[in-house]
Amino acid sequence: MRAVDEIIARSERVVTHAELMELGMRRSTICRRMKPGGPWQWILPGVTLCHTGTPTQRERMLAAVKYGGPGCVITGESGLREYGVRARLDPRIHILVPHDRHRSSHHFVVVERTRKLPDPVVRRGLPLAPIPRCCLDGCRRVTGSAAVRAAIAEVVQRRMCTPMQIRQTIESMATQRSGRARRVLIEIEAGIRSSAEGNARDVFAAGDVPMPEWNVELYTPDGTLLCVPDGWWDDLALALQIDSMEWHLSPELYKRTQATQRVLAQMGIPFLPWAPGDVSRDPDAFLASARAFRAGNAGRPRPDLIVVRKDADAA
């Protein structure tokens, strides 16, 4: 029993039946301890949780890895959250296992067999797929474009991976259910850096207002970086700003947006601020506002500045 207590402690109270039986515990004893009123509980086939309380998310993840077996890696939303990404995709724990291992999805675990098992990144003792793979696997399991945009834009905007790394990963994966992610990646490569910008891009694409460029860099003639507006109409030297803390992921990024607006004002560059929720709720009003904004500033003298289009992969 001392050896059993040690493995329970070492495994954070999540152990497999095989591990217990290797120490000499009988299967009947394991089953008896998991019966109602016993000290343990069933959590996944062949996996026991050695207490009777509600399993924590970490215990569920440890159980999923035990269930998946050697070589298993966590991917999708659960993997992203271990990296600190706040994506909302599929809350079930998504694991990848070798193609020749037969495991079925069960309870809170989604099992995917793959011939291209990624090398794990171990964080807090959990084997995770790399960030681009986690992101794309999660995106393949949702039906709406908004969640896909938010997830991919966040990992790129926070410089957790580059568009090129996402492109390389998506080209190496199976094509099933990857259409939304591929379309969003095209947006990212065009300069889109947030879900809100992606929504605005859709509105412009369906309307009669020229599409702005996204996240270009504005410099003074002596090479000093002024700012990076969300949208930029170069024909009239006008800026578009998506003004919301929620869509800029952190107070720091929101402050950067406010600083951009101050610089634009100081340079005498007109900018059109819109909240992302308003763009989605009333796209016609957004287009009308942009149309009037451009018409009202036509013929204005162009400020002395240099526009640099960033390489999407370097952002």
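Let me start with Trp274: at 15% relative accessibility, Trp274 counts as buried. Buried here means under 20% relative accessible area, exposed over 50%, and partly exposed in between, with a 1.4 Å probe and protein chains only.

Some ground rules. This is a predicted model, where local features need pLDDT of at least 70, side-chain atom pairs count only at pLDDT 80 or more, and totals for chains, interfaces and linings use all residues. Residues are numbered from 1 along each chain as its sequence is written, and side-chain values use heavy atoms, with hydrogens and water left out.

Now the aromatics. The structure holds five aromatic pairs. Rings of Phe, Tyr and Trp (its six-membered ring) pair if their centres lie within 6.5 Å; planes under 30 degrees apart count as stacked, over 60 as edge-to-face, and the rest as tilted.

Take Phe204 and Phe286. Their ring centres are 5.1 Å apart and their planes stand at 55°, so this pair is tilted. Phe204 is in helix H10 (residues 195-206) and Phe286 in helix H13 (residues 283-296), 82 residues apart. Helices (H or I, at least four residues) and strands (E, at least two) are DSSP runs, numbered from the N terminus. Phe204 is buried at 3% relative accessibility. Phe286 is buried too, at 0%.

Back to Trp274. Its ring and that of Phe286 have centres 5.1 Å apart and planes at 75°, so that pair is edge-to-face. Trp274 sits in strand S14 (residues 271-274) and Phe286 in H13, so the pair ties together parts twelve residues apart in sequence. Ring pairs link Phe204, Trp214, Trp233, Trp274, Phe286 and Phe293 into a cluster.

Next, the cores. A nonpolar core is a set of buried Ala, Val, Leu, Ile, Met, Phe, Trp, Tyr and Cys residues joined through side-chain atoms within 4.5 Å. Which residues touch the most other members of the largest nonpolar core? Leu80, Ile95, Val109, Ile152, Val155 and Ile166, out of 49 residues. Apart from that core lies another, of 16 residues, among them Val203, Phe204, Leu240 and Trp274.

Two of those names, Ile152 and Val155, are among the buried residues of helix H7. The 13 residues of H7 (residues 145-157) should span 18 Å at 1.5 Å a residue, and the end C-alpha atoms are 18 Å apart, which agrees. The expected span is 1.5 Å times one less than the number of residues. Just after H7, Arg159 takes a positive phi of about 55°.
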